[in-house]
Amino acid sequence: MEKIFGRSKGLTDVPFSFCPGCTHGIIMRLIAEVLEELDIIEDTIGISPVGCAGFCQDFFSCDFVGAAHGRAQAVGTGVKRALPDKIVFTYQGDGDIAAIGTQHAIHSAARGEKITSIMVNNAIFGMTGGQMAPTTLEGMKTSTSPYGRNIGTNGYPIDLPKLIANLEGAVYVASVSVDSPKNINQAKKAIKKAFQVQQAGLGFAFVSVLSTCPTNWGLSPSDSLKWLRENMMPVYEMGELKVAEEVKSL
Ligand SMILES: Cc1ncc(C[n+]2csc(CCOP(=O)(O)OP(=O)(O)O)c2C)c(N)n1
Ligand code: SF4
């Protein structure tokens, strides 16, 4: 019988330990499939952050280096510069990359570091109990904003891909979602492109993936997907936000 689906070689045998309905697992599967399809598992070094996203190092079968909270891109910069023939990627939550790690997100993009960064945006700090993050939506209730994010006191949400797309060194920037099979396919295409950019040695590649956190959102897995679709996707600009001229021919 023809085998039409199997566990990617880019993943270890360790079962995902995420809460039911958390889409971290879908995003990791997509990255693992891309590593396998591009035949780069053995050549890849992932940089893991702090947070639920940080469990990624247990699940991918490539090499990994752990970074302190928010510093994955700084570590990734060092690894890539020391080992330019390796494929280096960071896998970071929105709290990690858009709060404590903002400077590294901006400066690694501005420097055009030849790494691939994946941001998993669930609009809160997941692991620590659902606190408000820079990505929390206006009016969104979190454990530290029980009356909803107030723009007057808390400021506006940061659309990090939009910010990064404005920087010269970033050559590929996309914002995708994994709320439906169609969007999962699109997300995989963007992730693949972000790795191909690095294979071609072109510059900084960044993909933001909208993700669920049913536990801290207080919603069922299916309601979380609906909430993401109805509330996050209209706020965050979706699609390929930047495809530099040299990337178009890939
Ligand atoms: C320097 C430092 N500050 C704070 C923390 C506490 N901390 C651990 S995980 C985390 C939030 C992670 O949230 P996010 O990056 O959005 O990832 P998620 O858990 O949602 O995947 C924080 C603040 C820490 N470990 N180190
Ligand atoms: S706390 Fe949220 S981000 Fe962390 S595993 Fe659970 S659902 Fe996923």
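Predicted model: local features only at pLDDT ≥ 70, side-chain atom pairs only at ≥ 80, totals over all residues.
Modeller: Residues are numbered from 1 along each chain as its sequence is written, chains are lettered from A and ligands numbered from 1 in the order in which they are written, and side-chain values use heavy atoms, with hydrogens and water left out.

Colleague: Why is alanine 170 called buried?
Modeller: Buried means under 20% relative accessible area, exposed over 50%, and partly exposed in between, with a 1.4 Å probe and protein chains only; alanine 170 has a relative accessible area of 0%, and therefore counts as buried. Alanine 170 belongs to strand E7, a strand being a DSSP run (E) of at least two residues and a helix one (H or I) of at least four, both numbered from the N terminus.

Colleague: What does alanine 170 touch, leaving out residues up to four places away in sequence?
Modeller: With contact taken as heavy atoms within 4.5 Å, alanine 170 touches Ala109, Ile164, Phe204 and Lys242.

Colleague: Why is glutamine 199 called partly exposed?
Modeller: The relative accessible area of glutamine 199 is 40%, so the residue is partly exposed. Glutamine 199 is found in helix H8, and, neighbours within four places in sequence aside, is in contact with Leu38, Ile40 and Ile87.

Colleague: Why does serine 211 count as buried, and where is it placed?
Modeller: Serine 211 has 0% relative accessibility and so counts as buried; its place is in the loop between E8 and H9. Beyond its neighbours within four places in sequence, the contacts of serine 211 include His24, Asn122 and Trp217.

Colleague: What makes the phi of aspartate 39 worth a remark?
Modeller: Most residues other than glycine have a negative phi. Aspartate 39 is not a glycine, yet has a positive phi of about 55°; this residue lies in the loop between H1 and strand E1 (44-48), and its relative accessibility of 66% is why it counts as exposed. Alanine 123 also has a positive phi, near 70°, in the loop between E4 and strand E5 (124-125), but at 0% relative accessibility alanine 123 counts as buried.

Colleague: What makes a set of residues a nonpolar core, and how many residues has the largest one?
Modeller: The set must consist of buried Ala, Val, Leu, Ile, Met, Phe, Trp, Tyr and Cys residues joined through side-chain atoms within 4.5 Å. The largest nonpolar core has 41 residues, and those with the most contacts inside it include Ile31, Phe89 and Val207. Among the elements that each supply at least two residues of this core are helix H1 (24-37), strand E3 (87-93) and helix H8 (181-199).

Colleague: How do you know which residues surround ligand 2?
Modeller: A residue is near a molecule if one of its heavy atoms lies within 4 Å of it, and the residues surrounding ligand 2 include Phe18, Cys52, Asn122 and Cys213. Helix H9 (residues 214-217) gives the largest share of this shell, three residues.

Colleague: Into which classes do the residues of the shell around ligand 2 divide?
Modeller: Ala, Val, Leu, Ile, Met, Phe, Trp, Tyr, Cys and Pro count as nonpolar, Asp, Glu, Lys and Arg as charged, and the others, Gly among them, as polar; the shell around ligand 2 has six nonpolar, five polar and no charged residues.
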